[in-house]
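User: I want to learn how to read features off a model. Please take me through a few cases.

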Amino acid sequence: MCSSRSRSIRTVIFATGVPLLAASMVLAAGVALWLGVGSLLRRMGVEGFPCVVSEYVWIFLWVLLAEAAAVAAGIVVFRLLARRISRPVEKFAAEVDGLVRSPKPNHVCDDTRIAELDRLAQAFNRLQTVRARQAAEIRDLARNVLHDLRAPIANIYNESDRLFHDMVGREEASAAIMSASRSLLRIIDTNAEISRNYSGCEDTPSSPVDLAEVVRESVEVYSAVAEEKGVCIKCVLPESPVRMEGHVAKLQRLVGNLIDNAVKFTPGGGSVSVELVSDEKGIRLTVSDTGVGIPKSEIDFIYERFYRCSDAKSVSGTGLGLSMVHSIVEFYNGNIDCQSSVGCGTSFFISFPPLPQSTAV
């Protein structure tokens, strides 16, 4: 809603431009008359004053007439200018109002021949693009959440029904219900934590953490799984501790998810490499594997919740691991990059800024 004090572009142009034009013309005529009279009086003396005044009165009247014509022409010009400016603005406002009321995030015309308005239209179109992407993400998230929650809820219902009708042993049914409940809670808790990470919220304060120790422990945890699968894990860590302000649990999930994915998608005989570097430029963590790789067309989507690459749908998982990794990197103001080639492997490069996030021992 526009306030009662709001004024249109035409009103502003007329209210400011026309009075300024008239005032400048009158001021210019007055200055010219004063200078002219003074010059003639110095040349002709006091005796010629009446003649000078008479001549200048006529000149002044002609000047006023010319300025009146100029003001009239200026009003016409201002009207045309105001119409030229206001029409695209009114059209833009109408288009924006129509798009806001429309469920489809279409774009407005960004070729109005007014540079500032074109930039505004381009900014609005970028906003519409973001709006469309967010709407698609919300739809996909809702669809994926419903799909992933359906299985554990169905298991809980089925086992409860079987237990109720004495079709299965109590211990067996209880184990199945507990397993499905854990899966359900894990999905809910993971999504809640991802949302907290993106919002920058954390209940516990950060403290100095030795990231090298976190990486070392994570490698030890997954070494048994990798050895059983026939995958070799190589770990390169600095000799001195790598301190950064953080939360042990978050950093364990970050490193653990990366190593887990690397081992999971690397066939037997392959290898996983984990390297941590710390210098004046910051902290850099690299996790590489010689696994199946990720198609280039899918790399831009791997951090979306529940997204699973086409080659990974046969492997167990919820599709939340890389979403968690990305949210933790964002939480600590870091950067993450992925390079992958199908059939050759994948590398994740994570960097955290130096001080004050990273601190010396």
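User: In which strand is Ser-207 found?

Analyst: This is a predicted model. Ser-207 belongs to strand 1, which covers residues 207-210.

User: Is Ser-207 buried, partly exposed or exposed?

Analyst: The general idea is a pair of cut-offs: buried is under 20% relative accessible area, exposed is over 50%. Ser-207 has 34%, so it counts as partly exposed.

User: Which residues does Ser-207 contact, leaving aside neighbours within four places in sequence?

Analyst: Ser-207 is in contact with Met-244, Glu-245 and Gly-246. Take Met-244: it lies 37 residues from Ser-207 along the chain, yet their C-alpha atoms are 7.9 Å apart.

User: What is the phi of Asn-333?

Analyst: Start with the general idea. Most residues other than glycine have a negative phi. Now the case here: Asn-333 is not a glycine, but its phi is positive, about 55°.

User: Where is Asn-333 placed, and is it buried or exposed?

Analyst: Asn-333 sits in the loop between helix 7 (321-331) and strand 6 (335-341). Its relative accessibility is 53%, so Asn-333 counts as exposed.

User: What pLDDT does the protein chain average?

Analyst: The average is 75, and 66% of the residues score at least 70.

User: Where does pLDDT stay under 50?

Analyst: One such stretch is residues 1-7, with two contacts in the model beyond four places in sequence. Residues 357-361 also have a pLDDT below 50. That stretch has 14 contacts beyond near neighbours in sequence.

Notes
Residues are numbered from 1 along each chain as its sequence is written. This is a predicted model: local features need pLDDT of at least 70, side-chain atom pairs count only at pLDDT 80 or more; totals for chains, interfaces and linings use all residues. Side-chain values use heavy atoms; hydrogens and water are left out. pLDDT is the predictor's confidence in each residue, from 0 to 100. Contact means heavy atoms within 4.5 Å. Helices (H or I, at least four residues) and strands (E, at least two) are DSSP runs, numbered from the N terminus. Buried means under 20% relative accessible area, exposed over 50%, partly exposed in between (1.4 Å probe, protein chains only).
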